[in-house]
Amino acid sequence: MPSWNSRGLRGSLLEELINLTNEKYRDNRLALIQKVPTPITPMKIDKEKRHITLAYFEQKSTVDYIGAVQGIPVCFDAKECAVDTFALANIHEHQVEFMKDFEDQGGISFILIYYSKKDVFYYLRFEELYRFWMRAKNGGRKSFRFDELSEDYVIPKHTGVYVPYLTMLQKDLNSRDE
């Protein structure tokens with residue numbers, strides 16, 4: 001069982017940027033996206049400071065965020081990558097299954113990846129993720145390289161929004177209509 005103490009704060013800056021972006025989208029009535037809380041079981045508590053110092057995840061989580069954009073159901077996960085190669089071990093099978101089921105119900109699933117070395121945000125469409133996932137399941141690479149990704153889904157920097165993923169979501173939707 002993974003310990004909250006050892007892994008719980010990874011990606012917290014990325015999540016904070018996405019949370020601020022989602023607040024802005026909500027304030028502008030563009031989207032309503034919520035962070036999905038991960039249930040934990042506290043094991044050690046510092047009663048004096050009223051802090052949990054050790055906890056375990058209770059169950060497998062699905063994705064980090066879920067909600068609606070202009071009536072379209074969306075779910076996504078946020079990942080950070082310090083190198084040019086993204087290990088698929090960072091995504092769990094139950095997450096891929098959830099995202100596939102979500103897509104099968106007419107929703108849109110994706111992953112936002114922050115490549116910290118490049119200072120680049122990338123919108124990984126579920127179609128792209130699933131292709132890499134199946135390649136690994138069929139004995140291929142257990143990762144994908146940045147240069148394998150479509151340049152069309154690098155998220156452009158934008159004034160006023162930290163992680164402006166709605167532009168890429170629109171592009172994803174348009175590609176599905178073609």
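Modeller: Q70 sits in the loop between β4 (65-69) and β5. Keep in mind that this is a predicted model.

Biologist: Why is Q70 called exposed?

Modeller: Exposed means over 50% relative accessible area. Q70 has 57% relative accessibility, so Q70 counts as exposed.

Biologist: What makes the phi of Q70 worth a remark?

Modeller: The phi of Q70 is positive, about 50°, although Q70 is not a glycine. Most residues other than glycine have a negative phi.

Biologist: Which value does R29 have for phi, and where does R29 lie?

Modeller: R29 has a positive phi of about 60° and is not a glycine either. R29 is placed in the loop between α2 and β1 (31-35). With 73% relative accessibility set against the cut-off of over 50%, R29 is therefore exposed.

Biologist: Why is K79 called buried?

Modeller: Buried means under 20% relative accessible area. K79 has 14%, so K79 is buried. This residue belongs to strand β5 (residues 72-81).

Biologist: How do you know that the side chain of K79 has a polar contact with N90?

Modeller: A polar atom of the K79 side chain lies 2.8 Å from the backbone oxygen of N90. The cut-off for a polar contact is within 3.5 Å. Leaving aside neighbours within four places in sequence, K79 is in contact with several residues, including L14, F86, N90 and Y114.

Biologist: What makes D64 buried rather than exposed?

Modeller: D64 has a relative accessible area of 13%, and buried means under 20%, so D64 is buried. D64 lies in the loop between β3 (51-57) and β4. Not counting residues up to four places away in sequence, D64 touches E15, Q34, K35, V36, F76, D77 and A78.

Biologist: How far apart are F98 and T62 in sequence and in space?

Modeller: They are 36 residues apart in sequence, while their C-alpha atoms are 6.4 Å apart. F98 touches T62, and also V63, I66 and C75, not counting residues up to four places away in sequence.

Biologist: What lines the second largest pocket?

Modeller: The second largest pocket is lined by 15 residues, and L17, Y114, D119, F121 and Y162 lie nearest its centre. By class, the lining has 10 nonpolar, 2 polar and 3 charged residues. Helix α2 (residues 12-27) gives the most to this lining, with 3 residues. The volume of the second largest pocket is about 180 Å³.

Biologist: What is the make-up of the chain as a whole?

Modeller: The chain has 5 helices and 10 strands. Of its 178 residues, 37% count as buried. Among contacts between residues at least 6 apart in sequence, 63% join residues at least 24 apart.

Biologist: Which residues have a pLDDT that stays under 50?

Modeller: That stretch is residues 1-11, for which the model has 19 contacts beyond four places in sequence. Where pLDDT is low, the predicted coordinates should not be read in detail. Over the chain, pLDDT averages 87, and 83% of the residues score at least 70.

Key
Residues are numbered from 1 along each chain as its sequence is written. This is a predicted model: local features need pLDDT of at least 70, side-chain atom pairs count only at pLDDT 80 or more; totals for chains, interfaces and linings use all residues. Side-chain values use heavy atoms; hydrogens and water are left out. Helices (H or I, at least four residues) and strands (E, at least two) are DSSP runs, numbered from the N terminus. Buried means under 20% relative accessible area, exposed over 50%, partly exposed in between (1.4 Å probe, protein chains only). A polar contact is a pair of N or O atoms within 3.5 Å; within protein, one must be able to donate a hydrogen and the other to accept it, and residues adjacent in sequence count only if both atoms are side-chain atoms. Contact means heavy atoms within 4.5 Å. On a 1 Å grid over the protein atoms alone, a cavity is a set of points where a 1.4 Å probe fits but cannot get out, and a pocket is an open set with protein on both sides within 12 Å along at least five of seven lines; lining residues have an atom within 4 Å of a point. Grid points are joined across faces, edges and corners, and a volume is the space filled by probe spheres set on the points. Ala, Val, Leu, Ile, Met, Phe, Trp, Tyr, Cys and Pro count as nonpolar, Asp, Glu, Lys and Arg as charged, and the others, Gly among them, as polar. pLDDT is the predictor's confidence in each residue, from 0 to 100.
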